[in-house]
Amino acid sequence: MLNEFFLKNAGSKCTKKEKAGVKPWLVTLQYFKLVSIHHFSMYLISNFSDFQLTCLGGFVLHESVFFLSGLPFILFERAGWFGKYKIQKKNNSPEAQEKCITRLLMYHLCVNLPILLGSYPVFKFMGTRSSLPLPSWKVISTQIIFYFILEDFVFYWGHRILHTKWLYKHVHSVHHEYATPFGLTSEYAHPAEILFLGFATIIGPAITGPHLITLYLWVSLRVLETVEAHSGYHFPWSPSNFLPLYGGADFHDYHHRLLYTKSGNYSSTFVYMDWIFGTDKGYRKLKSLKENERFEAVGKEM
């Protein structure tokens, strides 16, 4: 039965030779993966309303991904682990870290959650749904790519505006209280900034009205990206080492180290906007100088 299932659902585009060589373990994995997703979706749909799944489910998902991915960087910093990969040698005090966590919990409950509740009618109007059938991976991936592109564009200009004198002093300076960022500082910001830049994250889904699973995936990826960019660590496995035009921690850490009028590096996920408008020249120059110094040091050793 499992073999027939695979040949019908997953192997329709395979050649006869490929179908003949179907491996039982692959068929079993494919089958149970699809059945598990289907059953889980049915459980959610049967027990929760669209409003609960979109707003409360989205909030729980965001909090879980955010704190589970961000808290380890506090542990790394306090324990001194992975020190050779830390971008800045300076550490935040335990008091500063605790202040960040306390403020975040307050902002998330008093700002993020009400925004999510208030935006539900917009998502519903645009067609967001939780019902079956689930969208194909082609649809999901296309929408996610569109969200990243649109979010990068909107975030870049919003971020540049926040670095004007008045807005920086009264709004964006809250986020820059941490010149040495760690994962959780990614969402440490003035409530007005949460509203302003949060628009960049929700505009894509608001336009397309995606299936709830696509919305969940987008929120998760966006949270993981911004936590990594503020982590303060550049690992060998960091996404910026593999993904073209991806900014990452080293790129954004530079933004936090400099004065607001000279920082540059305003992009969110990918750096093409900074490259197009020349707002990453200082960072590129510094990287070039460091590379030259490294080559000179290697030359002297030889």
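# Close-up views of a predicted helical model

**View A. The largest pocket and its lining.** By class, 19 nonpolar, 17 polar and five charged residues make up the lining of the largest pocket, where Ala, Val, Leu, Ile, Met, Phe, Trp, Tyr, Cys and Pro count as nonpolar, Asp, Glu, Lys and Arg as charged, and the others, Gly among them, as polar. The model is predicted, so that local features need a pLDDT of at least 70 and side-chain atom pairs count only at pLDDT 80 or more, whereas totals for chains, interfaces and linings use all residues. Residues are numbered from 1 along each chain as its sequence is written, and side-chain values use heavy atoms, with hydrogens and water left out. The space in the largest pocket amounts to about 920 Å³. The lining of this pocket comprises 41 residues, and those closest to its centre are His-62, Asn-112, Glu-187, Gly-198 and Thr-201. At least two lining residues come from each of helix 4 (50-79), helix 5 (94-125), helix 6 (137-162), helix 8 (191-208) and helix 9 (212-229). A pocket is an open set of points on a 1 Å grid over the protein atoms alone, with protein on both sides within 12 Å along at least five of seven lines, while a cavity is a set of points where a 1.4 Å probe fits but cannot get out; lining residues have an atom within 4 Å of a point. Grid points are joined across faces, edges and corners, and a volume is the space filled by probe spheres set on the points.

View B. Nine of the ten residues of helix 10 are buried, among them Asp-250 and Phe-251; here buried means under 20% relative accessible area, exposed means over 50%, and partly exposed lies in between (1.4 Å probe, protein chains only).

**View C. The largest nonpolar core.** This core has 18 residues, and those with the most contacts inside it are Phe-66, Cys-100 and Leu-184. Helix 4, helix 5 and helix 9 each supply at least two residues of the core, and the largest share, six residues, comes from helix 4. A nonpolar core is a set of buried Ala, Val, Leu, Ile, Met, Phe, Trp, Tyr and Cys residues joined through side-chain atoms within 4.5 Å. Over the chain of 302 residues, buried residues make up 42%.

**View D. The largest cavity.** The structure holds one cavity of 30 Å³ or more, and the volume of the largest cavity is about 40 Å³. Lining it are Asp-50, Thr-54, Tyr-120, Phe-123, Lys-124, Thr-128, Arg-129, Ser-130 and Leu-212. Helix 4 and helix 5 are the elements that give two or more residues to this lining, and helix 5 provides the largest share, three residues. By class, the lining of the largest cavity has three nonpolar, three polar and three charged residues.

**View E. Backbone geometry in the loops.** In the loop between helix 5 and helix 6 lies Pro-133, and the peptide bond from Leu-132 to Pro-133 is cis, with omega near 5°. Phe-82, in the loop between helix 4 and helix 5, has a positive phi of about 55° although it is not a glycine, and at 35% relative accessibility this residue counts as partly exposed. Leu-245, in the loop between helix 9 and helix 10, is likewise not a glycine and has a positive phi of about 70°.

**View F. Helices and annotated spans.** The chain has twelve helices and zero strands; helices (H or I, at least four residues) and strands (E, at least two) are DSSP runs, numbered from the N terminus. An unreviewed UniProt entry lists residues 25-45, 65-83, 104-123, 135-157 and 194-219 under "transmembrane region"; UniProt positions follow the numbering used here, feature names are shortened, and annotations may be inferred rather than shown by experiment. Residues 135-157 are 91% helix and 0% strand, with end C-alpha atoms 32 Å apart, whereas residues 194-219 are 88% helix and 0% strand, with end C-alpha atoms 15 Å apart.
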